[in-house]
Amino acid sequence: MTTPFATPWRAVVTGSTHAELVHNAELVLNLAPVNALADTSWIRPGEVFRCQLTTAAGTAGVDFAVARGPQYIEYDSGWYDPERSSTDATKSIPEIDLPTVLSNAAAKAIGLLLCVNPMALADADSLFGLYKSWGVAGVKLGFINDGTQATTNQMVGTANYPSPAPGRGANRLPPGRCVGSRGRDAGGNRG
């Protein structure tokens with residue numbers, strides 16, 4: 001065996017109370033490798049408000065964020081067509097006028113996050129370049145739940161793109177990402 005070596009890991013953090021979960025959360029930081037990104041100045045953590053999939057809801061979401069403090073609004077799965085059947089995340093559904101929502105959000109210093117399924121990441125460089133030109137603040141990587149090396153590699157490849165957003169269902173993430181989103185796939189709120 002050659003040392004040093006690295007192996008994949010998974011961890012479960014438990015606690016008797018919510019406070020203990022927060023207190024024990026440093027386990028993930030302690031297990032993670034040292035940050036490999038040279039420039040982390042673009043990382044801007046914040047709270048996110050998820051909007052229904054309409055222009056009016058996006059505009060209202062921006063106003064809500066201004067009044068209540070979240071730094072971002074998000075269009076979750078379905079903003080560009082049915083989540084698990086479309087690979088084209090370059091145009092929104094007819095119910096969303098994305099340029100209008102982006103303009104409104106930018107005018108009020110609120111970022112817009114878009115959920116993108118791995119099926120739509122065949123050319124992440126091109127897609128994320130397009131989003132940057134639109135003024136999108138970040139991407140939530142959706143439905144990352146297969147745990148394969150290929151998916152992990154794909155996620156690591158996205159680490160160079162500014163994104164404060166979590167990956168849904170992800171087990172391992174590159175430095176600067178977070179886990180913990182409870183999106184529409186978890187049931188409950190379908191808004």
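**Fold and backbone of a predicted chain**

This predicted model has six helices and four strands in its chain.

Student: What share of the contacts in the chain with a separation of 6 or more comes from residues 24 or more positions apart?
Tutor: A contact here means heavy atoms within 4.5 Å. Among contacts with a separation of 6 or more, residues 24 or more positions apart account for 65%.

Student: What percentage of the residues of the chain count as buried?
Tutor: Buried means under 20% relative accessible area. The chain has 191 residues, and the buried share of them is 35%.

Student: Where is Asp81 found, and is Asp81 buried or partly exposed?
Tutor: Most residues other than glycine have a negative phi. Asp81 has a positive phi, near 130 degrees. Asp81 sits in the loop between β2 (72–75) and α4 (98–107). Its relative accessible area is 36%, so Asp81 counts as partly exposed.

Student: Does Ala109 count as buried or exposed?
Tutor: Ala109 is not a glycine, yet its phi is positive, about 60 degrees. Ala109 lies in the loop between α4 and β3 (111–116). Exposed means over 50% relative accessible area. Ala109 has 69% relative accessibility, so this residue counts as exposed.

Methods. Residues numbered from 1 in each chain as written. Predicted model: local features only at pLDDT ≥ 70, side-chain atom pairs only at ≥ 80, totals over all residues. Heavy atoms only, no water. Helix = DSSP H or I, 4+ residues; strand = E, 2+ residues; numbered from the N terminus. Buried < 20%, exposed > 50% of the residue type's maximum accessible area, 1.4 Å probe, protein only.
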